[in-house]
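Reader: Please show me how to read a protein model, one feature at a time.

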Amino acid sequence: MSAPTAPSLSPPPGRSLVLMYHGIHESRADRGRFDPRYSLKPEQFATQMRHLSELGVAGWLPVAGEALVAPEGPAGRHMVLITFDEGDVSNIEQALPILQESGLAAVFFITRNFVGQRGMISRAGVRELADAGMVIGSHGLSHHFLNNLSPAALRIELASSRDFLQQITGRRVTLLSLPGGRGGRRELEAAHDAGYRSVFGSRPGNNQATPAGGLIDRVVISRQIDPVAFQQLVRWQGPAVWRQCARYRLLGWPRRLLGDRSYDQLRQVLVRG
Ligand SMILES: [Zn+2]
């Protein structure tokens with residue numbers, strides 16, 4: 001574990017940033033499910049974790065498991081929470097050792113039906129993450145977008161993924177991230193009814209004004225983000241912030257016009273093209 005050094009930048013106080021990662025892959029040849037936008041190179045991720053470690057802002061984890069209801073950092077400090085969605089096998093093979101090397105912890109949101117699939121984490125891997133001090137959250141049962149489900153199907157998605165992960169880890173699962181970031185008031189209420197205390201979306205933001213029990217914003221960290229842009233996102237200042245917010249708003253238009261299914265097909269073409 002590297003010794004903490006003096007912060008090189010001073011972030012504004014009172015903001016809670018939640019970073020959203022997926023897989024860590026050098027290239028398509030690596031184990032796991034490579035994504036040209038969401039897969040970070042191992043060295044890129046390691047550099048980011050070293051930066052967070054030096055900054056001394058990451059480490060929301062003491063409260064993440066139980067008390068992360070209102071997304072403010074302790075005592076008005078600027079805090080950063082590291083999260084992963086899906087449950088790619090690289091979460092344990094690449095991300096875990098890098099996090100440990102930097103003295104950091106993260107929340108891993110696992111999709112129940114992905115566990116054990118080709119390129120995805122195993123049951124033993126989920127347990128190993130939890131035993132290593134990481135927090136395990138749910139990313140749904142099937143990765144169906146929750147806003148498209150009937151009330152009964154929604155309850156099953158929330159409860160069965162929670163029970164499965166609790167059984168594997170022996171720990172309570174109280175955090176949920178919405179597949180595709182899709183969901184609103186109905187999904188939040190259903191999640192709280194199912195025992196989730198915090199629900200994370202995919203809208204970029206710094207959570208400064210998020211009400212207790214509201215949807216927690218997250219900042220997506222993509223392969224295209226260079227070290228300068230990463231530092232801007234972590235401080236929530238500078239052009240990288242505006243670029244991310246503008247991109248989210250722009251992508252919202254075709255999603256609303258086309259619907260979820262057509263939008264995702266379009267996104268696949270645009271991202272891979
Ligand atoms: Zn997802």
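Author: Gladly! Let's begin with the names: helices (H or I, at least four residues) and strands (E, at least two) are DSSP runs, numbered from the N terminus. What you see is a predicted model, and its protein chain has nine helices and nine strands.

Reader: How many residues of the protein chain score at least 70 in pLDDT?

Author: The share is 79% of the residues, and the chain averages a pLDDT of 84. Here is the general idea to keep in mind: where pLDDT is low, the predicted coordinates should not be read in detail. In this model, pLDDT stays under 50 over residues 1-12 and over residues 60-73.

Reader: Now a helix, please. Which residues of H5 are buried?

Author: First, the idea: an α-helix has 3.6 residues a turn, so residues three or four places apart point the same way. Now the case: the buried residues of H5 are Leu154, Glu157, Leu158, Ser161, Arg162, Leu165, Ile168 and Thr169. Looking down the axis of H5, you find these buried residues within an arc of 140°, so they line one face of the helix. The other side of H5 has the exposed residues Pro151, Ala152 and Gln167.

Reader: What covers the buried residues of H5?

Author: The cover includes strand S5 (107-110), helix H4 (123-131), strand S6 (135-138) and helix H6 (185-193).

Reader: How far apart are the end C-alpha atoms of H5?

Author: They are 27 Å apart. H5 runs over residues 151-169, and at 1.5 Å a residue its 19 residues should span 27 Å, so the two values agree. After H5 comes Gly170, with a positive phi, near 75°.

Reader: And H6: which of its residues are buried?

Author: Glu187, Ala190 and Ala191 are buried in H6. Seen down the axis of H6, they fall within an arc of 100°, so again the buried residues line one face of the helix. Turned away from that buried side, H6 carries the exposed residues Arg185, Glu189 and Asp193. The cover over its buried residues includes H5, strand S7 (175-177) and strand S8 (198-200). Gly195 follows H6 and has a positive phi, near 100°.

Reader: Let's turn to strands. How many residues of strand S4 are buried?

Author: Eight of the eight residues of S4 (residues 79-86) are buried. As a general idea, in a regular strand the side chains alternate between the two faces of the sheet. To follow the pairing here, start with strand S1 (residues 16-21), which runs parallel to S4 and is joined to it by six bridges. Met20 stands opposite Thr83 in S4. S4 also runs parallel to S5, with four bridges between them, and Glu86 stands opposite Ile110 in S5.

Reader: What do S4, helix H3 and S5 make?

Author: A right-handed β-α-β unit, in which H3 covers residues 90-102.

Reader: Why does Phe84 count as buried?

Author: The cut-off is 20 or more other C-beta atoms within 10 Å. Phe84 has 28, so it is buried. Phe84 lies in strand S4. Leaving aside neighbours within four places in sequence, its contacts are Tyr21, His22, Asn91, Ala95, Ala106, Phe108 and Phe109.

Reader: What share of the whole chain counts as buried?

Author: Of its 273 residues, 44% do.

Notes. Residues are numbered from 1 along each chain as its sequence is written. This is a predicted model: local features need pLDDT of at least 70, side-chain atom pairs count only at pLDDT 80 or more; totals for chains, interfaces and linings use all residues. The expected span of a helix is 1.5 Å times one less than its number of residues. A residue is buried if 20 or more other C-beta atoms lie within 10 Å of its own, exposed if 12 or fewer, and partly exposed in between; C-beta atoms are placed from the backbone. The arc is that of the directions from the helix axis to the C-beta atoms. Two residues are in contact if their C-beta atoms, placed from the backbone, lie within 7 Å. pLDDT is the predictor's confidence in each residue, from 0 to 100. Two strands pair if DSSP finds at least two bridges between them. A crossover is right-handed if, with the strands pointing away from the viewer, the path from the first strand over the helix to the second runs clockwise.
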